[in-house]
Amino acid sequence: MANTAAHGDNYINFEKGLWSWFTTVDHKRIGIMYFITVMTFFAIGGVMALLLRLELFAPNVTQGVGQVLKNGDTYNQILTYHGAIMVFMVIVPGIPAILGNFFLPLHIGAKDVAFPKINLASWYCFMLGAALAIGTFFTTKIDTGWTFYTPYSIRTGTATAMMVAAAFIMGMSSVLTGLNFIVTVHRLRAPGMTMHRMPLFVWSLYATAILQILATPVLAITLLLLAAERFLGIGIFDPKLGGDPVLFQHFFWFYSHPAVYIMILPAMGVVSEILTTFSRKVIFGYTAIAYSSLGIAAVSFFVWGHHMFVSGQSESAGILFSFLTMLVGVPTAIKMFNWVATLYKGSIQFQSPMLYALGFMFLFAIGGVTGIMLAVLPIDVHFHDTYFVVAHFHYVMVGGTLMSIMGGYYYWFPKMFGKMYSEAGARMSFVFIFIGFNVTFFPQFILGAMGMPRRYFDYIPAYETLNKVSTVGSWLIGIGFLIGLYTIVQGLLKGEKAPMNPWGSKTLEWYTPSPPPHDNFAVEPVVTAGPYEYR
Amino acid sequence: MSTDSTHGTHSAHVAHHFKDASQQYESGKEGIWLFMVTEILMFGAIFVAYAIYHHAYPDMFAEGAKSLDWKMGFVNTLVLIFSSFTMAISISYIQKNEQKKAVIALGTTVLCGAIFMVIKYFEYAHKFHLGLLPGKFLDVAGVGAEHANLGLYFGFYYCMTGLHGLHVLIGMGLITWCMIRTMRGDFHGQYWIPVEGVGLFWHIVDLIWIFLFPLLYLVG
Amino acid sequence: MAGHTSNDPNVLQPHISPMSIYLKVAGALFALTFLTIIAHHFNAQLGALAAPVAFVIALVKASLVMTWFMHLKYDTKVNRIVFACGFIFLAILFFFNAFDVATRVFESSPL
């Protein structure tokens, strides 16, 4: 390092100019780049969700003609983009690539991730995949749903192949991130930072990385075979040619069920950090929470068939998968109980990150319990493809993961940008999102129980009231996120300077300046105790 | 990193975020193994699909296997095994600072890869000539196939060997890159992890072929 | 820097297998490939065993490559576990697919 004098004292002003960002290998900068891009895609996916809800505000007056969208085809396309963007481009990379990239090395006292160049490559992979995915919107669009189920995905005249290529490339990005995290956790821990002294967020990222490595390749080959089926008609997934569409679903869910835990596990890690910090108390059952992350990761590979109870897999397989799915409840409940026990007799401070963490616990409990309901074979046969399922996974993915992403942003915002945000704005945003979320999705449980099928752009008048309530709720969520955006932007521009450790946390990242310097720590930290030594 | 020239003529150059050469080496090695796991799972999944369709249409698969020439596959197996051998010894040479021998070994490996691809090309050309194409491009009546979905067998054949062939090409490119850098003197007894990584990749390519050969050519 | 003794973490101590080992392994791999072909010529006699025999030979070859060429024998325990994970999870994928197919009334098309 020749002229150190020219460099600033933190990672943001260490080098200057836009180009220095595009060529950076600093994990913190790459985290910020993911932050900006993923949040942009989140806005796009969110607007599509609002459009879908707006369309469902009332049943159609003329059959086949929408209230807002032109017709059913348009609805299907928007629905597909909403799903594909939110899954592949927002929630899967959301926590690992943004908060994980930024904080994993800081958490374990490392200077960077193990392979900084590969880390940057993963961002470019992600951007290339995202560009292809968004690009399909300007061709013939896609209308398969984010799951690309065969045989429809083979026959539809839309740009499925391009979207599949996009998912493939984004999958590579996910693999590279996971690979980096595993090696970083194994090899780059600071002296004294044993595995059992790692913060629980790191444990959850570690479990997530294992899933990314083991599950994503199967998605890759499945998508390649789907493309081969489309172009060559080899008859592997097409029943007309002697193929088996159920095999596609097996392969697809071998990835996509673990992917569900790729989405939720890091969220659980963030919540563990926030809960212990704002309870001023040692986390209850550290080892149990740490190992239950690995437990969830392991079990996730044995349960995928519960997506296929009515798809034509054998009844015996259905029963087996139904039984195995119940097992997911065990490590998940372990986490939940330990979090509640952490709160017990803690000095709880209701700062905005804590509100999100508590919101997570409330909503995730509902999402999790309805998940167990859906794991029961006969109940799922009844509820399959109704709004009950839609409500369930939104409670987990939005109520769980998104709540945790927001909580994590507010928790680490001072560290990431060195500025404080307006607490009032963050709380207001939470109130709107939390109430709006329940208003939007709780009625969908009832709609599902009434039998309203998902993915339809019209419905019978009996469902109208609850749909109206749901749509109004979606506006509340929208307002909540706008307030959140305003809070963040205002904090960035006008926020007062953040101290080194505004929350009084005990993990390593709070013991380096905000924002952290280029090399993370002035002196390599030496760890002598566990991560949550409160009192 | 200061210059540690006491050890022979070379020392490892250690990236700034690693503490020492051992940490860098072990990290690199582990990263490569993790990547190999993804390769195994990606190829493995297509093997699983193969097994299931073989179970569903055993006679059709037998018909497909008969139309392949096992001699071609046999020669290719030997070529790949030999290239794996030269790849393995090239790393030993680099570790012993015998770069010239290493370059020869690496060159032989690339050459074997090229021979493999040439044989593959003749095999493909022959199949194309006979009209044995994948999926809907296979004219069932034209080639006199007994089973109407023989295209599925050739779908598997082309997907599996095609994906494998792509890996051979990528491997050849990577080995050439290693060879050039070895000639430049970048790799030596204290720094060889890129060569070892490419080597592991090449062995995986060999490993997959070891299973592809009986699967496609022999088991009917 | 003072020393480059065996415990200096900045000096790598590679495990260099002797050439004779590589030659032996390569020889064994060649021999096994010939064995595969010989077995193939007795397919009719082997009957149902033909496929298992071919795969057992392939398995032996694969383990030779992994142990010696890929140096798993001298690698760290973590790396061995990592690589084994690939095969274990592949087995899971296979198991559930096979279980479904085996217990299903397989509706093969009339083709």
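**View 1. The contact between chain A and chain C of the predicted model.** On this contact, chain A contributes 15 residues and chain C contributes 14 residues. Three helices of chain A, namely H7 (200-232), H8 (245-279) and H10 (315-343), each supply at least two residues of the side that touches chain C. Among these helices, H10(A) gives the most, with three residues. Sorted by class, the side of chain A that touches chain C holds eight nonpolar residues and seven polar residues, and no charged residues.

View 2. Is A:Ile283 buried or exposed? A:Ile283 is buried, because 24 other C-beta atoms lie within 10 Å, and a residue counts as buried if 20 or more do so. Which residues is A:Ile283 in contact with, leaving aside its neighbours within four places in sequence? The contacts are with A:Leu200, A:Ser272, A:Thr276, A:Ile289, A:Thr342 and A:Tyr532. A further residue for orientation is A:Lys345, which stands 62 residues apart from A:Ile283 along the chain. The C-alpha atoms of A:Ile283 and A:Lys345 are separated by 12 Å.

**View 3. The helices of chain B.** Chain B contains six helices and zero strands. Read from the N terminus on, the order of its elements is therefore α-α-α-α-α-α. Along the principal axes, the C-alpha atoms of chain B fill a box of roughly 75 × 30 × 25 Å. Chain B has 220 residues, of which 54% count as buried. Where contacts in chain B have a separation of 6 or more, 73% of them are between residues 24 or more positions apart.

**View 4. The contact between chain C and chain B.** Here 43 residues of chain C are in contact with 47 residues of chain B. On the side of chain C that touches chain B, the elements giving two or more residues are helix H1 (19-41), helix H3 (50-69) and helix H4 (77-103) of chain C. Which element provides the largest share of this side of chain C? The largest share comes from H4(C), with 13 residues. By class, the side of chain C that touches chain B comprises 32 nonpolar residues, 10 polar residues and one charged residue.

Key: Residues are numbered from 1 along each chain as its sequence is written. Chains are lettered from A and ligands numbered from 1 in the order in which they are written. This is a predicted model: local features need pLDDT of at least 70, side-chain atom pairs count only at pLDDT 80 or more; totals for chains, interfaces and linings use all residues. Two residues are in contact if their C-beta atoms, placed from the backbone, lie within 7 Å. Helices (H or I, at least four residues) and strands (E, at least two) are DSSP runs, numbered from the N terminus. Ala, Val, Leu, Ile, Met, Phe, Trp, Tyr, Cys and Pro count as nonpolar, Asp, Glu, Lys and Arg as charged, and the others, Gly among them, as polar. A residue is buried if 20 or more other C-beta atoms lie within 10 Å of its own, exposed if 12 or fewer, and partly exposed in between; C-beta atoms are placed from the backbone.
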